[in-house]
Amino acid sequence: MNLAAELRVLLGDEIVAADEPTRLAHRGDKWFAEHTPEIVVFAQTVDQVSRLLRLASANKIPGTPHGAGFVSVGVWVPVQGG
């Protein structure tokens, strides 16, 4: 099973996005830093975040958290993939 499919089973279809427009929209900050993520997860609960992080940790998948979006330079650029 690929990662996007596994995440959809774990978290639900509605919060897992692997389509190119969504991935490109989340690749960079307001300045020049950018790197396209493999998948974007729109977690909405503590339980979803916990399950996501357990899966990522167990499989050594890097992740880049992005909260409310108030920091605009470099913090949420997924430079390690994942």
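Predicted model: local features only at pLDDT ≥ 70, side-chain atom pairs only at ≥ 80, totals over all residues.

Q: Which residues in helix 3 are buried?
A: Gln48, Leu55 and Ala56 are buried in helix 3.

Q: And where do these buried residues fall, seen down the axis of helix 3?
A: They fall within an arc of 100 degrees, so they line one face of the helix.

Q: What about the other side of helix 3?
A: Val46, Leu53, Arg54, Ser57 and Ala58 are exposed there.

Q: What covers the buried residues?
A: The cover over the buried residues of helix 3 includes helix 1. Leu3, Glu6, Leu7, Leu10 and Leu11 of helix 1 meet Gln48, Arg51, Leu52 and Leu55 of helix 3.

Q: At what angle do helix 1 and helix 3 pack?
A: The angle is about 145 degrees, and their axes are 10 Å apart. The crossing is right-handed.

Q: Turning to the core, which residues make up the largest nonpolar one?
A: It has seven residues: Ala4, Leu7, Leu11, Ile15, Val16, Ile39 and Leu55. Helix 1 (residues 3-11) supplies the largest share, three residues.

Q: What is Ile15 in contact with?
A: Apart from neighbours within four places in sequence, Ile15 is in contact with Val40, Val41, Phe42, Ala43, Gln44 and Gln48.

Q: Lastly, what follows helix 3?
A: Lys60 follows helix 3, and its phi is positive, near 55 degrees.

Notes. Residues numbered from 1 in each chain as written. Heavy atoms only, no water. Core = buried A, V, L, I, M, F, W, Y, C linked by side-chain atoms within 4.5 Å. Buried < 20%, exposed > 50% of the residue type's maximum accessible area, 1.4 Å probe, protein only. Helix = DSSP H or I, 4+ residues; strand = E, 2+ residues; numbered from the N terminus. Contact = heavy atoms within 4.5 Å. Arc of directions from axis to C-beta. Axes fitted to C-alpha atoms, helices over the stretch in contact; angles between N-to-C directions. Left-handed = near helix turned anticlockwise from the far one by under 90°.
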